[in-house]
Each structure stands twice: as structure tokens, then as C-alpha cells.
Amino acid sequence: MYLKAIALTQFKNYTGGTFEFSPSLNFLTGENGSGKTNVLDAIHYLALGKSYFHAVDQLAIQHGTNFFRVAGSFCKGSEDIKLACVYQSAGKKELAINGTVYLKLMDHVGLIPVVIIAPDDHSIIDEGSEERRRFIDNTISQIDHQYLENLVSYNKVLQQRNAALKQFAYRKTFDSTLIDSLNIPLISYGKMIFEKRTYFLKAMVPLIIKYYSIISGRKETVTAVYHSIFQRKDFLEALTASLEKDLQLERTTEGTHRDEFDFSMNDVPVKKFGSQGQKKCFLLALKLAQRELIANENNVTPIVLLDDLLDKLDEKRALRILELVSAADFGQVFITGTKTSLIKDFIATAENDLRCYSINAGMVLNNGRIQIADTFEN
Ligand SMILES: Nc1ncnc2c1ncn2[C@@H]1O[C@H](COP(=O)(O)OP(=O)(O)OP(=O)(O)O)[C@@H](O)[C@H]1O
Ligand SMILES: [Mg+2]
């Protein structure tokens with residue numbers, strides 16, 4: 001599957017225009033602030049109906065205007081898929097497939113799988129467990145539709161339970177029937193989430209190990225371990241035992257929303273003891289594992305978006321990544337960055353027939369139109 005072309009209207013710094021893409025490597029160059037990352041985010045909008053970089057859609061509307069539209073044409077086997085995402089100022093976001101608007105955005109997730117690696121992603125390793133849960137949830141959601149539905153339902157019940165706990169504190173009351181009735185769906189959705197997380201993490205670990213070794217060329221033993229309340233206790237027992245605490249803190253303190261994923265290297269946490277380089281490699285291994293897992297389980301190769309990645313790696317590692325992503329079966333890749341000469345040299349010496357479009361995002365700004373600045377084929 002690949003993206004053939006994209007049309008942007010009042011999307012961030014793009015007033016209007018169209019990009020055409022190669023089914024394999026696409027290299028987006030241009031000065032800082034020229035709009036390279038914005039193109040990747042537009043692709044992310046089409047794939048998942050939202051930005052990768054901000055939660056507020058309003059931020060994507062070009063300043064001084066009141067809506068944005070991103071339209072893309074995808075090729076999936078023999079099928080042509082046309083997607084359009086429109087957001088009106090303070091209004092509703094709509095995603096349409098071949099002219100038909102989705103009733104629920106959620107129904108689209110997984111159809112156009114995408115894996116993105118962006119500069120701030122180190123937070124998956126460095127920050128709290130919420131970032132790691134988000135990464136795992138994003139991965140499974142693109143494979144398993146039921147999982148995403150369960151996750152949304154779980155979060156809804158969790159919010160209701162937390163609201164009830166707040167009300168009890170405010171009114172100095174307690175309603176055990178209400179809590180019991182919320183515990184039932186919390187437990188059943190939570191259990192399904194737990195089972196899927198267990199299954200998919202198990203499938204992902206060997207891929208993380210494989211990619212870590214390919215990228216780093218080193219021998220550290222890496223792994224990812226899942227910790228959940230369901231491994232320690234019966235969930236109902238845990239909810240009952242923590243009720244006193246929940247009432248005090250006015251929130252639910254046990255559940256799959258507190259699950260942890262620990263990434264370790266030679267049996268110590270990467271977060272605490274990994275060097276900058278080791279963390280970078282681990283993150284890349286995670287994302288490449290995510291890509292392969294989605295490809296294996298979904299039978300569709302995800303589109304890979306690498307934002308500024310090569311600029312952040314030393315030349316040896318950058319070349320290793322280029323080799324990986326340019327393999328014939330890797331699928332479509334978008335790379336933003338400024339290392340034009342490295343890419344050109346790589347393509348000139350590559351053994352397979354690479355098609356790489358170099359798109360100068362900066363030119364778009366200069367003349368208000370989007371165009372392919374330079375196409376080089378091997
Ligand atoms: N809603 C918006 N309306 C207009 N311009 C915007 C909007 N949001 C972002 N921009 C502009 O987009 C530009 C940033 O684009 P982007 O992040 O894609 O650049 P980049 O080419 O990736 O730069 P770098 O090389 O620094 O990563 C900035 O100039 C910013 O002002
Ligand atoms: Mg950028």
C-alpha cells in the first residue's frame with residue numbers, strides 16, 4: 001500500500017497544492033521551518049484522523065483562515081482509496097473515504113497503517129508509563145479494531161467511575177450500587193485490554209531484539225516486560241481493596257490504565273541506565289518492531305514516516321537505517337531532513353532500483369505552490 005499524492009488546503013504553512021510521491025523512498029528537504037514535518041503530519045491525519053504532534057486540531061488550520069483540508073489518494077493492491085480530512089474552525093472533523101464520511105473516526109483506524117518516528121519520541125523511553133501505554137495502544141489499535149473499541153469504552157467507564165468518586169467526596173455520600181455497576185464493565189473491558197496487550201507484546205519482543213541488534217550492531221540483551229494488575233490479583237479484589245484509597249484520592253487507582261511496560265537492557269531499565277545512543281537505538285528498534293508487527297498481523301505494510309531521523313544519527317547508523325528502509329519489501333517511506341548528500345550518495349550506490357523523490361518543501365513557500373523540486377532515480 002502506498003500514498004500516490006496528497007493535496008493540502010490551508011493546512012499549517014501550506015495554502016494549497018499537491019505533492020506526488022514515489023511508492024518507495026521519498027525524501028523531503030528544505031530549510032528549517034519550511035514545512036517538511038507538516039507534510040508528514042498531513043499524512044498522519046489521513047492515516048489516523050489526527051495530528052501526531054498536537055491534540056488540538058485548530059492548530060493545523062492555517063493562521064488567518066477557518067478550515068483545513070487534506071486529501072490523499074492511496075493505492076492498496078488493485079484498489080484506489082481516496083481519503084479527505086476536513087476540519088472547520090471550532091467545528092466537527094470529518095474524514096471521508098471515497099466520498100463517504102465516516103460516522104465514527106475510529107472505524108478508519110488500521111486501514112492505512114502508519115509508523116512515525118519523530119524527534120520528541122524519546123519520551124516513550126524517558127517519560128512516565130503513560131507514553132509507553134500510548135505507544136502500545138497505538139500499535140495494537142492499528143491491528144485490532146476491537147481493541148480500540150474496548151479501550152475507548154474502558155476509558156469512558158473509568159471517567160464515569162472517577163466522576164462518581166468526586167461526587168461522593170463533594171456530597172459526602174457513597175453509593176455502593178453505582179460503584180458495583182461501574183466495576184463490572186471496567187473489569188470486562190480491562191480484561192480484554194490485558195489479554196491483547198499480553199499477546200501483542202509477546203509477539204513484539206523478538207522483533208525489538210532483532211532490530212536492536214541490526215541497528216546497534218551490539219550485543220546488549222534488550223527486552224520489554226509488561227506489568228498489569230491482572231497478573232497480580234483478581235481485578236475485582238483489587239478494586240475492592242483499593243476502594244478506600246480511591247475515595248480518598250477521588251480517582252481509580254487500580255486498573256489497566258495503570259499498566260506498565262518496562263524496557264530493559266542487560267536487565268537494567270533503559271530509561272535509567274541507557275546512554276543517549278542506546279536509547280536512540282532502542283526507540284528505533286521499537287518503531288521498526290511496531291512496523292513489522294503491524295505488517296505481519298494486518299497483512300498491510302505500514303507507511304513509515306521518519307522525521308528528522310537521519311540528521312540525528314551518526315553517518316554509519318544513518319546508512320544502516322537507509323539500507324533497512326530501502327529494501328524492496330519495506331514499503332513506502334518518507335524521510336525529512338537536510339542530509340541531502342548522504343541520501344544522494346546512498347541512492348547512487350544502492351544495488352536495488354530505488355526511486356526517490358526529493359521534495360524541496362521550501363520551494364512551496366516561495367511561490368505558493370507545491371511542486372516536486374528534484375527527482376533522482378537510480
Ligand atoms: N497553523 C499554522 N498556520 C500557518 N503556519 C503554520 C501553522 N502551523 C505551523 N506553521 C508553520 O509551519 C512551519 C513549520 O513547519 P515544519 O515544522 O513542517 O518545518 P520543518 O521543515 O519540519 O522544519 P525543521 O527542519 O526545523 O524541522 C513554521 O514556520 C510554522 O510557523
Ligand atoms: Mg521538522
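## Domains

Domain bounds here come from an automatic or database domain assignment, and for this predicted model that assignment gives domain 1 (1-113 + 301-378) and domain 2 (125-299). The centres of domain 1 and domain 2, taken over C-alpha atoms, are separated by 29 Å. Their contact, where two residues count as touching if their C-beta atoms, placed from the backbone, lie within 7 Å, takes 10 residues from domain 1 and 13 residues from domain 2. On the side of domain 1 that touches domain 2, helix α12 (residues 315-325) supplies the largest share, three residues; helices (H or I, at least four residues) and strands (E, at least two) are DSSP runs, numbered from the N terminus. By class, that side of domain 1 has six nonpolar, two polar and two charged residues, with Ala, Val, Leu, Ile, Met, Phe, Trp, Tyr, Cys and Pro counted as nonpolar, Asp, Glu, Lys and Arg as charged, and the others, Gly among them, as polar.

Residues are numbered from 1 along each chain as its sequence is written, while chains are lettered from A and ligands numbered from 1 in the order in which they are written. Because the model is predicted, local features need pLDDT of at least 70 and side-chain atom pairs count only at pLDDT 80 or more, whereas totals for chains, interfaces and linings use all residues.

Helix α1 has 13 residues and reaches 19 Å from its first C-alpha to its last, close to the 18 Å expected at 1.5 Å a residue, where the expected span is 1.5 Å times one less than the number of residues. A residue is buried if 20 or more other C-beta atoms lie within 10 Å of its own, exposed if 12 or fewer, and partly exposed in between, with C-beta atoms placed from the backbone; 13 of the 13 residues of α1 are buried, so the helix is largely enclosed by the rest of the structure. Just after α1, Gly49 takes a positive phi of about 75 degrees.

Strand β4 (residues 67-76) runs antiparallel to strand β5 (residues 79-88) and is joined to it by 10 bridges, and the bridge partner of Lys76 in β5 is Glu79. In the loop between β5 and β6 (93-97) is Ala90, which has a positive phi of about 55 degrees although it is not a glycine; Ala90 is exposed, with 9 other C-beta atoms within 10 Å.

Another open sheet, also antiparallel in its pairing, has three strands in the order β9-β10-β11. Its edges are β9 (222-227) and β11 (268-269), each with a single partner strand, so one side of each is left without a neighbour in the sheet. Strand β10 (residues 260-265) pairs with β11 over two bridges, and Ser264 stands opposite Pro269 in β11.

## Strand β12 and its parallel partners

Strand β12 (residues 303-307) is mostly covered, since five of its five residues are buried. Ile303, Leu305 and Asp307 point one way from β12, whereas Val304 and Leu306 point the other way. Four bridges join β12 to strand β8 (residues 114-117) in parallel, and four bridges join β12 to strand β13 (residues 333-336), again in parallel. Leu306 is the bridge partner of Ile117 and also stands opposite Ile335 in β13.

Ala118 lies in the loop between β8 and α2 (123-126) and counts as buried, with 20 C-beta neighbours inside 10 Å. Leaving aside its neighbours within four places in sequence, Ala118 is in contact with Tyr52 and Asp307.

Note on methods. Pairing = 2+ DSSP bridges.
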